Amino acid sequence: MTDQPPVNDAERFLRLAKQEQRGRLTVYLGAAPGVGKTYRMLQEAARRQAEGVDVVVGVAETHGRSETAALIEPLEVLPRQTIEHQGHRLDEFAIDAALERRPGLILVDELAHTNAPGCRHPKRWQDVAELLVAGIDVATTINIQHIESLNDVVAGFTHVRVRETVPDNILDHAEIIVVDLPPEALIERLEAGKVYLPDTAGRALANFFTPTKLAALREMALRFAARNVDRRLTEQLEMSGERDSDVAGDRVMVAVSPGKGGARVVRQAKRIADMFHAPWTAVVVESGSARAVRGSQREQLADNLALASSLGASLMTVAATDIGQALIDHAKELRASQIVIGKSRRGRWFEWRHGSIAQDVIRRSQGVAVHVVPLDEADERPHRARDAHPYRDPLIALGLVAATVGLLQFLPRQVSAGAIDLVLLVPVILAATQLRMSGALWAAVWAALAYNFFFTEPYHTLDIYGTEDIITFAVLGLVAAVIGALAGRIRRQAETNAGVARLNAALARFAGLMGYLSTKEETAQTACDEISGLLDVEAIVVTVEEGQVIVRGNAKYPSLDMVEEAAAHWALEKGEPAGRDTGTLNASDWQFHPLKTSLGIMGALGIARPLESRVIRPDDATLLASLVDQTALAHERLVLEAQARQVDTLRERDRLRGALLGSIAHDLRTPLTAVIAATEAIPAEGSFTEEVRIARTESRRLQRFLNDLLEASRIEHGTIEPSWESVDLTDIVTAVLRDLRQDRADARVQTAVDTDCPLIRSDSLLLRHVLINLLDNALKFSPSDSTVTVELSCEEGEATCRVLDRGPGLPAEHADLFERFHRLEGSDRAGGSGLGLWIAKNFAEAVGGTIAAHNREGGGAIFAVSLPLNAKRGAAADA
């Protein structure tokens with residue numbers, strides 16, 4: 001079953017945002033060369049340029065056609081970079097210049113082109129991928145035979161194998177435009193010399209450009225484009241939320257074999273996955289016979305896995321002795337609905353002796369469709385490693401049987417004649433437990449012959465005359481063979497289980513070691529040491545700190561050269577493997593894997609194996625993935641621990657600051673009350689009238705400041721508990737204005753109150769504090785000749801109280817306006833302690849309201865407090 005499509009707006013928004021960050025790819029797809037892909041691309045580019053799009057030509061091949069060259073002239077052409085290779089000067093696409101230029105649309109012809117050695121990427125499609133990641137729209141061209149999953153199909157009926165291919169996932173989200181031309185018209189163009197030179201055209205007409213082949217290629221191009229349109233439509237429906245979330249899909253699992261035919265099976269699985277729009281997994285079963293595969297076949301298995309990965313498959317390795325049952329069990333775990341497996345054309349005698357994995361899977365599968373891909377015997381049969389001592393097992397088995405016969409010859413009286421056949425089973429069991437299955441079978445043969453030669457009449461001959469001896473001989477041979485086969489199978493199962501146990505133990509030990517480390521250096525050193533020992537590779541951990549590449553974990557490699565550093569940067573920035581054997585900057589000796597976590601990319605793990613052609617063997621791919629994940633989690637833990645320590649420090653600092661503020665406010669409140677009482681008792685007349693007024697005003701202002709400190713302390717300690725009651729907002733506004741006029745005789749406030757507002761459930765004291773702080777803030781920073789307005793309205797289920805002033809207003813960036821101790825310098829909110837608006841926000845939220853601020857038309861600012869007309873918290877409190 002497929003994953004459920006996104007059903008919530010947040011997930012759809014995130015997917016849309018991710019798509020918007022990438023550039024858009026437009027692919028002009030043709031069935032064959034000469035259909036006019038480049039010409040059509042340039043025509044569309046001219047139209048886009050006329051619409052105002054910034055269009056640049058990165059690469060456009062004219063192939064000597066004047067019509068195509070004429071279309072390029074009005075467009076800006078990006079200079080190419082020159083590469084010196086084997087005495088030749090090659091002009092290649094300049095990707096750095098394109099990234100620096102950043103056009104709205106860039107044309108990059110021939111997507112499947114192979115770049116010259118020395119370019120950043122070996123393939124042009126990788127250049128295009130980097131442009132898309134940078135957010136640049138790209139238009140390109142490609143022929144159907146260059147698509148990786150269709151490569152072998154095209155080669156099958158055209159008898160032409162195309163070496164330059166493009167992974168299908170590059171085209172998954174592209175807009176594909178088919179440039180179609182009937183076979184007859186294309187052949188006419190070829191004969192007229194508009195595609196190839198006359199000599200080349202003649203060979204092409206005889207081999208590739210035949211009506212039948214062109215018709216088949218045309219059909220494939222149209223089908224591929226139709227599937228692409230269908231997939232894009234499905235994605236758009238998922239994004240819009242119109243698709244039913246209960247719709248089920250399919251999962252495809254493909255069994256990858258080490259033979260050359262494995263690539264054909266992988267491509268077939270890719271086509272089936274595309275047909276069903278399903279995710280797919282490539283599985284390798286490591287059995288006793290599979291581990292015997294070495295050399296070129298092992299390299300072929302790695303190539304098959306790499307092909308599956310490039311086509312978008314997930315890779316998994318399973319250890320088992322019964323390959324067919326392992327595939328069925330794993331298909332159940334993956335909930336696969338389709339199994340793709342290859343089967344060679346072998347005789348029944350071979351299948352009777354060795355069995356057929358495909359037949360086993362078909363027989364055991366229930367409710368799963370099995371697709372069998374026919375293969376040639378030479379393609380599927382793996383080349384097994386030659387035994388350096390081919391006669392070792394038969395000779396050892398012969399020695400064990402000879403020793404047993406000799407023992408029976410010296411002890412004839414102690415062993416009865418009826419027990420001799422049982423004694424001869426002993427060397428068979430010993431051979432099965434110590435040697436391979438072939439050794440056990442040889443021991444069975446030697447034991448049966450020895451019984452006939454030494455212990456049946458006539459002695460010392462291989463003749464058998466008695467019926468009882470014939471039966472005993474046959475039973476002995478059969479039992480010995482069965483015991484040998486069973487013992488050999490048990491031994492292989494034990495070896496497989498021991499290998500899995502060692503792997504699990506290694507992963508558990510690795511995870512345990514990584515859990516106790518406290519520094520980056522220790523973590524990197526331990527990770528590299530363990531990975532080096534488990535995989536027999538050199539390992540380093542690379543991070544970028546303050547713009548510098550830092551290498552940790554391996555003292556033998558303190559730094560990287562230019563190519564390796566570029567590969568490390570690619571892995572760190574793009575989150576994708578880079579370096580050797582990856583197809584991206586593979587000139588590097590190191591292969592880099594990003595350490596990705598939920599916090600981002602923590603670094604990159606670099607591995608190298610100088611003496612072998614491949615850095616990682618196929619059977620180690622799953623282990624490497626687990627080790628990379630464990631290393632990434634260890635580095636993430638270090639970051640989280642550092643953040644936790646920082647949070648604890650800040651929390652303790654805030655606690656001390658809150659306690660200090662509360663203590664200061666309490667200590668100053670008593671003497672300040674006495675000062676206010678004394679100033680009120682002094683008559684405001686005579687020669688000290690102005691001084692008395694200033695003393696009264698400033699002492700009241702200081703009292704409000706101390707009250708703010710006390711309220712801040714209450715907020716810090718979470719002691720705000722609203723006293724819920726029925727509140728008339730009109731009375732709140734009236735009481736606040738009355739108190740304000742007592743403190744400030746020059747208060748310039750007018751009101752616009754909706755008298756039809758109903759009662760609400762709230763805390764009248766907290767609401768008064770909110771409105772007082774907002775009015776005090778507005779009066780403090782408004783011109784003396786302006787008026788502050790208080791508006792009260794009720795609409796759409798909430799009551800809103802607005803305070804409007806005519807000051808300079810708020811700056812463009814005022815997101816932190818309601819933060820504690822925050823002051824917007826240079827605006828009408830500058831000055832003061834920076835606590836008033838923070839206190840107003842916390843009190844408003846305590847009663848279930850919200851507060852916001854924005855600029856007012858004509859100048860000034862507006863602060864709005866919105867309160868629900870039916871406060872659920874109040875109702876709950878009353879209950």
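Mentor: An open sheet is built here from 5 strands in the order E15-E14-E18-E17-E16, and the pairing is antiparallel. Its edges are strand E15 (548–552) and strand E16 (578–579), each of which pairs on one side only. Two strands count as paired if DSSP finds at least two bridges between them. The labels refer to DSSP runs numbered from the N terminus: helices are H or I runs of at least four residues, and strands are E runs of at least two.

This is a predicted model, in which local features require pLDDT of at least 70 and side-chain atom pairs count only at pLDDT 80 or more, while totals for chains, interfaces and linings use all residues. Residues are numbered from 1 along each chain as its sequence is written, and side-chain values use heavy atoms, with hydrogens and water left out.

Within this sheet, strand E14 (residues 538–545) and strand E18 (residues 600–608) are joined in the antiparallel sense by 5 bridges. Val542 faces Ala604 of E18 across this pairing. Helix H22 (residues 520–535) lies across E14, E15 and E18, and runs at about 150° to E14. Such angles run from 0 to 180 degrees between N-to-C directions, with axes taken as lines fitted to C-alpha atoms, for helices over the stretch in contact; contact means heavy atoms within 4.5 Å.

The loop between H22 and E14 contains Asp536. Asp536 has a positive phi, near 60°, although it is not a glycine. Most residues other than glycine have a negative phi. Asp536 is also exposed, at a relative accessible area of 52%; buried means under 20%, exposed over 50% and partly exposed in between, using a 1.4 Å probe and protein chains only.

Trp590 is buried, at 4% relative accessibility, whereas Tyr557 is partly exposed, at 24%. Another ring interaction involves Lys574, whose charged end sits over the ring of Trp570, 5.4 Å from its centre. That description applies if NZ of Lys or CZ of Arg is within 6 Å of the ring centre and within 35 degrees of the ring normal.

A second open sheet can be described in the same way. It has 6 strands in the order E3-E2-E6-E7-E1-E8, with parallel pairing. The strands at its edges are E3 (76–77) and E8 (175–178). Helix H2 (residues 37–50) packs on this sheet, touching E1, E2, E6, E7 and E8, and its direction makes about 165° with that of E7. Helix H5 (residues 124–133) also packs on the sheet, touching E1, E2, E6 and E7, at about 175° to the direction of E6.

Strand E7 (residues 137–143) has 6 of its 7 residues buried, so it is largely enclosed by the rest of the structure. Parallel pairing through 6 bridges connects E7 to strand E1 (residues 25–30), with Val27 opposite Thr140 of E7. Strand E6 (residues 105–108) is likewise parallel to E7, over 4 bridges, and Leu107 has Ala139 in E7 as its bridge partner.

Arg102 lies in the loop between helix H4 (95–101) and E6. Its phi is positive, near 50°, and Arg102 is partly exposed, at a relative accessible area of 46%.
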